[in-house]
Amino acid sequence: MQSDLISTSLHERFAQAGRVLVLTGAGISAESGVPTFRGGGNTTVWKGMPFDVISSAMMMQRDLPAVWEWFDYRRSILQSLRPNRGHLELARWADRFPEFTLVTQNVDGLHQAAGSRDVIELHGSVWRARCVMCRTNYEIIPEVKRLDACLDCGAWLRPDVVLFGEMLPPGRFEMAAERAADCQLCFVIGTSALVYPAASIPEIAKAAGAFVCEVNPERTPLSDLCDEVLTGKAGDVLPLISKS
Ligand code: APR
């Protein structure tokens, strides 16, 4: 992929920016082998159920073991996967800008595995369980049998992932929105921009005057709002931006 893909305007802003925010979606993990939910005209199906049914609050009320089985499957895929060039590039960006905020919709933990710190996980993490009663969090460690019940209050544990039909955990979106309203440069990488409120973050940045750049092999509902659209895979495009 040619470096002239990157405009002079983006090149200059990247060189001068002090406050940068990045929003990522499932697409940044695609090159690591993590299936995306949409994109390419397909949606993920699990045992005949669309992913947004098995990953829903309704399903958790009806059949928590089935929901756990889905997330145990997602973790089993992730266990052998590694961060890719896209994740690694963003981990380097954190040391490049005085104020860098990485917001992700992903629950796979690959940003942290790449070395990114203070990642705002809007949708939680498959590597954590949470007590349905006292909200105590428990880390889920590969090869170690997952707890079913809370050690503090004895109630059921559920995946610490935001399910369809649920609100985001208090504070995370608000922090991301605050940073978006204050950033000079906002990158939107590997998201179909269909799920709110996450998809509103680049809109907040744009409304506050930031330069917004999308990286995605496909156009999304957000593309028209962006100042620059870089059509390609994150692992190919992000190193080009850094080099530009
Ligand atoms: N690099 C960049 N983008 C890519 C790549 C890649 N290598 N491969 C695919 N994409 C793009 C696709 O074109 C698509 O637009 O990534 C996007 C993935 O979209 P989705 O699967 O819808 O994922 P996402 O936007 O993160 O979904 C949002 O919905 O399913 C829920 O909670 C789940 O967090 C998720 C939320």
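Predicted model: local features only at pLDDT ≥ 70, side-chain atom pairs only at ≥ 80, totals over all residues.
A polar side-chain atom of Asn216 lies 2.8 Å from an oxygen atom of the ligand, a polar contact being a pair of N or O atoms within 3.5 Å. Taken alone, the ligand exposes 730 Å², and the protein buries 93% of that; accessible areas come from the Shrake-Rupley method with a 1.4 Å probe. Residues are numbered from 1 along each chain as its sequence is written, and side-chain values use heavy atoms, with hydrogens and water left out.

Two further contacts of the ligand deserve mention. An N or O atom in the side chain of Ser192 is 2.6 Å from an oxygen atom of the ligand. At Ala26, a polar backbone atom is 2.8 Å from a ligand oxygen.

Which residues of the shell are closest to the ligand? They are Glu31, Phe37, Arg38, Thr191 and Ser192, out of 21 residues that surround the ligand, each with a heavy atom within 4 Å of it. By type, this shell divides into eight nonpolar, nine polar and four charged residues. Here Ala, Val, Leu, Ile, Met, Phe, Trp, Tyr, Cys and Pro count as nonpolar, Asp, Glu, Lys and Arg as charged, and the others, Gly among them, as polar.

I turn now to the pocket. Rolling a probe the size of a water molecule over the atoms shows where empty space is left. A pocket is an open set of points, on a 1 Å grid over the protein atoms alone, where a 1.4 Å probe fits, with protein on both sides within 12 Å along at least five of seven lines; lining residues have an atom within 4 Å of a point. The ligand sits in the largest pocket, in the sense that more than half of its atoms lie within 2 Å of the grid points.

About 970 Å³ of space lies in this largest pocket, the volume being the space filled by probe spheres set on the points. Its lining has 50 residues, and Gly25, Ala26, Phe37, Arg38 and Ser192 are the closest to its centre. The lining comprises 25 nonpolar, 17 polar and eight charged residues.

Which helix gives the most to this lining? Helix 5 does, with four residues. Helix 2 (27–30) and helix 5 (64–78) each supply at least two, helices being DSSP runs (H or I, at least four residues) numbered from the N terminus.

Conventions:
Polar contact = N/O pair within 3.5 Å; in protein donor to acceptor, adjacent residues only side chain to side chain.
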